[in-house]
Amino acid sequence: MTINKQVKNAEEAIADLKDGQTIMLGGFGLCGIPENCIAALVKKGVTNLTCISNNAGVDDFGIGLMLHQRQVKKMIASYVGENAEFERQLLSGELDVELIPQGTLAFRCMAAGYGMPAIFTPAGIGTEVANGKEIRNFNGKDYLLETAFNADFAIVKAWKGDTAGNLIFKATSRNFNTVMAMAGKITIAEVEELVEPGQLDPNQIHVPGVYIHRIFQGSNYEKRIEQKTISK
Amino acid sequence: MLDKEAIAKRIAKEIQHNSYVNLGIGIPTLVANYIPKNIAVCFQSENGLLGMGPFPKEADVDADLINAGKQTITMLPGAALFDSAMSFGMIHAQKIDLTILGAMEVSENGDIANWKIPGKMVKGMGGAMDLVASAKNIIVAMQHVNKNGESKLLPNCTLPLTGIRCVKKIVTELAVLAVLPEGGFKLLERAPGVSVDTIKKATLGKLIIEGEIPEMAFD
């Protein structure tokens, strides 16, 4: 018998997610975001969340939907443009924001997924990002010590998955989804196509199922494009 | 004086054969349009792609395939996909040969400020702090002066820094300048029709002028 991680839908996957918890949300811009789980979080109405995600969505999509419901207490991200409600909450002091370099964001996820307490990175040396952080010099170059994230939930979106939790991503929707999938105390994966074990080629797996706790096939993916650019 | 396209065209001449290059948003993106045919170059998009191609035809638009500016793109033959950790891993391991990016200020010792204006909405540094911390070679594409006519080439940056002692070369609408390891902007080339005096007036940081300064050549 094969280990089975399948749950019915997004509502079931996030049923025990509580107010005040820390959650990671995969995606880059609106590419590869867990649309179904975000909708379920909005419906459930959990509040005081700390969200770790590269971006904060746009006004009416992605994490922007959670911001509108005032569900986010703190946002940890590398870039948060394109979102007027985010800006309003930030300037009014309703929302706490920690901006960190994009590589640092990725490495702090990676560290969690690899069981490493911290990493060293040169990103931010000599800038305000380094304030209050431990600096060590290796081979003549300074590096900042950055600690692994500690998230209650990681929520990711993959292209294909099997019920054992193995995941495959398409194109640049891989982005933060793989490292976040590895980093959650509980990781939820929503996939466009869920299959039985044996139907995915083991050579093609990007994240092995050991990292995934709950998986379901999502529906009605909008896959909104932020900037549609066309060659004539 | 050069327009944005001409700045991009001049920077394209800096790209070495068989190199891996990361292009920032704005003028740097335009550089891809001016790569000489005999130069092999592979563009990295830090959201997880090597081998980025031009924008797609309408029929080929794919929401799952974007660049770091969140624009829809294509992949060229030989492209490779990876996640954000590997992407910044290859940046910090110095596998990317050249980073081209914009700036609000550059100091004469190569510090760069391009992510934050105090008092204004701060959008974040994205991948810029990683790129400037580790790129082997960094070229800045920017206007020589800001909207108020103030020089952006300074003795010290006044805005919050993105990285320190990292910029190697600057291309503006007026000139090409090298940032010397010991400090100072060394004037290398003038834009067509621009005098050394004009460049002097627009440069607040230490400007080093040795001998005759040639005009930029565009072939």
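Which backbone oxygen does the side chain of Asn55(A) reach? Let us start there and then look at the wider picture. Please keep in mind that this is a predicted model.

## A buried asparagine

The side chain of Asn55(A) reaches the backbone oxygen of Tyr79(A), at 3.1 Å. You can find Asn55(A) in the loop between β2 (49-52) and α3 (63-68) of chain A. Is this residue buried or exposed? Its relative accessible area is 7%, and because buried means under 20%, Asn55(A) counts as buried.

What surrounds it? Leaving aside residues up to four places away in sequence, Asn55(A) touches Phe28(A), Gly29(A), Ile63(A), Met75(A), Ala77(A) and Tyr79(A), and also Lys70(B) from chain B.

## Where the two chains meet

Now step back and look at both chains together. In chain B, 47 residues are in contact with 50 residues of chain A. The size of an interface is often given as the accessible area lost when the parts come together. Here the area buried between chain B and chain A is about 4000 Å², and carbon and sulfur atoms give 60% of it.

How many salt bridges are counted between chain B and chain A? There are 5. Lys228(A) takes part in a salt bridge with Glu58(B), and the closest N and O atoms of this pair are 2.5 Å apart. Across the interface of chain B and chain A, 25 residue pairs are found in polar contact. On the side of chain B that touches chain A, α3 (84-92) and α4 (128-134) of chain B each supply at least two residues. The largest share, 5 residues, comes from α3(B). By type, the residues on this side of chain B divide into 22 nonpolar, 15 polar and 10 charged.

## Strands side by side

Chain B has an open sheet of 10 strands, and if you trace across it, the order is β4-β3-β2-β1-β5-β8-β10-β11-β12-β13, with mixed pairing. At the edges are β4 (74-81) and β13 (207-208) of chain B, each of which pairs on one side only. Within chain B, strands β2 (residues 41-45) and β3 (residues 49-53) run antiparallel and are joined by 2 bridges. Ser45(B) has Leu49(B), in β3(B), as its bridge partner.

Strand β8 (residues 151-162) of chain A runs parallel to strand β10 (residues 184-195) of chain A, and 10 bridges join them. Ala151(A) stands opposite Gly184(A) in β10(A). In turn, β10(A) pairs with strand β11 (residues 214-217) of chain A, in the parallel sense, over 4 bridges. Here Val191(A) has Gln217(A), in β11(A), as its bridge partner.

## Two arginines with positive phi

Finally, look at two arginines in loops. Arg70(A) is not a glycine, although its phi is positive, at about 55°. Arg70(A) sits in the loop between α3 and β3 (72-77) of chain A, and with a relative accessible area of 48% it is partly exposed.

Arg165(B) also has a positive phi, near 45°, in a residue other than glycine. Its place is in the loop between β9 (153-154) and β10 (169-171) of chain B. Why does Arg165(B) count as exposed? Because its relative accessibility is 58%, and exposed means over 50%.

Key: Residues numbered from 1 in each chain as written. Chains lettered and ligands numbered in written order. Predicted model: local features only at pLDDT ≥ 70, side-chain atom pairs only at ≥ 80, totals over all residues. Heavy atoms only, no water. Buried < 20%, exposed > 50% of the residue type's maximum accessible area, 1.4 Å probe, protein only. Polar contact = N/O pair within 3.5 Å; in protein donor to acceptor, adjacent residues only side chain to side chain. Contact = heavy atoms within 4.5 Å. Pairing = 2+ DSSP bridges. Buried area = accessible area lost by both parts, 1.4 Å probe. Salt bridge = Lys/Arg side-chain N within 4 Å of Asp/Glu carboxyl O. Nonpolar A, V, L, I, M, F, W, Y, C, P; charged D, E, K, R; others polar.
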